[in-house]
Amino acid sequence: MNRRYRKTVIAGNWKMNKTLSETQVFAEELRPLLSRSKWCDVVLCVPAINIPNAVRLFKNTRVAIAAQNVHFEDHGAFTGELSAAMLREQGVKYAIIGHSERRQYYGETDFTVNRKVHAALQAGINPIICVGESLEQRELGVTLEYIAYQVKVALAGVPMEKMRRIILAYEPIWAIGTGQTATAQQAGEVCQSIRTVIRKLYDARVARAVTIQYGGSMNAQNAAELLAQPDIDGGLIGGASLKAADFAEIINAANQET
Ligand code: PGA
């Protein structure tokens with residue numbers, strides 16, 4: 001992390017977990033643990049149906065509520081989908097865009113990711129754009145090229161002045177939900193390469209200010225080491241965000257890093 005230049009953001013991605021009553025229990029457990037949260041931003045990406053209640057439950061705390069997906073059109077015949085404006089009106093501040101599970105199971109591509117990024121920005125929602133390579137790609141040695149491609153397509157047409165609202169999340173697919181974390185060095189290397197891509201696309205100032213998260217089996221045990229990498233400015237945390245105590249430990253690890 002480098003908190004002199006950019007925000008540290010710890011985001012929990014609940015995926016398809018937690019009913020409303022479980023969300024209420026989590027909020028009661030997490031709220032008292034947040035008091036030590038000094039400067040890192042905390043985000044919770046909850047199932048869409050629980051967004052309005054989560055916004056209410058975390059009112060007047062440091063926790064911003066996020067969506068796990070957003071549609072790229074602003075309205076229309078898209079059964080089952082939610083527009084960025086609908087989410088924004090319910091108090092959503094961030095949206096995950098292009099998570100590898102959505103790419104794998106719901107046909108999202110780098111081009112739909114790009115459209116969603118524009119839709120979110122238009123509505124005033126901050127995109128958390130996920131990129132990451134498969135195991136085959138890592139083994140073939142094409143990780144950095146592939147990630148550079150994903151970042152370039154995701155950000156196509158995004159003007160420089162909107163870049164302060166963008167978060168990038170590097171999530172190697174082989175590390176998600178597997179318990180196999182990228183080493184701090186592997187994660188740091190890719191996050192640094194993402195910053196280089198941003199510098200080439202925009203300029204050094206934009207690159208220095210952009211928040212880049214790591215995600216993939218991040219937990220209370222390995223968070224401090226990952227966050228100590230200069231180009232890792234936070235985490236997108238799945239499994240370990242489901243227990244308030246574990247999530248709070250990761251937030252505290254981020255607050256303790258210098
Ligand atoms: P995980 O998920 O922490 O359970 O690996 C991370 C993510 O998919 O965002």
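Student: Which residue places a polar backbone atom 2.7 Å from an oxygen atom of the ligand?
Tutor: Good place to start! Keep in mind that this is a predicted model. A polar contact needs N or O atoms within 3.5 Å. The backbone atom at 2.7 Å from the ligand oxygen belongs to Ser217.

Student: What share of the area that the ligand exposes alone does the protein bury?
Tutor: Begin with the ligand by itself, which exposes 280 Å². Of that area, the protein buries 95%.

Student: Which residue has a polar side-chain atom 2.6 Å from an oxygen atom of the ligand?
Tutor: Let's look at two side chains. Glu171 has a polar side-chain atom 2.7 Å from a ligand oxygen. The side chain with the 2.6 Å distance is that of His99.

Student: How many residues of the shell around the ligand are polar?
Tutor: In total, 13 residues surround the ligand, with Lys15 and Gly177 among the closest. Four of the shell are nonpolar and two are charged. The polar ones number seven.

Student: Trp14 and Phe26 form an aromatic pair, but of which kind?
Tutor: The whole structure holds three aromatic pairs. In the pair of Trp14 and Phe26, the centres are 4.7 Å apart and the planes lie at 80°. Planes over 60 degrees apart count as edge-to-face, so this pair is edge-to-face.

Notes:
Residues are numbered from 1 along each chain as its sequence is written. This is a predicted model: local features need pLDDT of at least 70, side-chain atom pairs count only at pLDDT 80 or more; totals for chains, interfaces and linings use all residues. Side-chain values use heavy atoms; hydrogens and water are left out. A residue is near a molecule or strand if one of its heavy atoms lies within 4 Å of it. A polar contact is a pair of N or O atoms within 3.5 Å; within protein, one must be able to donate a hydrogen and the other to accept it, and residues adjacent in sequence count only if both atoms are side-chain atoms. Accessible areas come from the Shrake-Rupley method with a 1.4 Å probe; for residues, only the protein chains shown count as cover. Ala, Val, Leu, Ile, Met, Phe, Trp, Tyr, Cys and Pro count as nonpolar, Asp, Glu, Lys and Arg as charged, and the others, Gly among them, as polar. Rings of Phe, Tyr and Trp (its six-membered ring) pair if their centres lie within 6.5 Å; planes under 30 degrees apart count as stacked, over 60 as edge-to-face and the rest as tilted.
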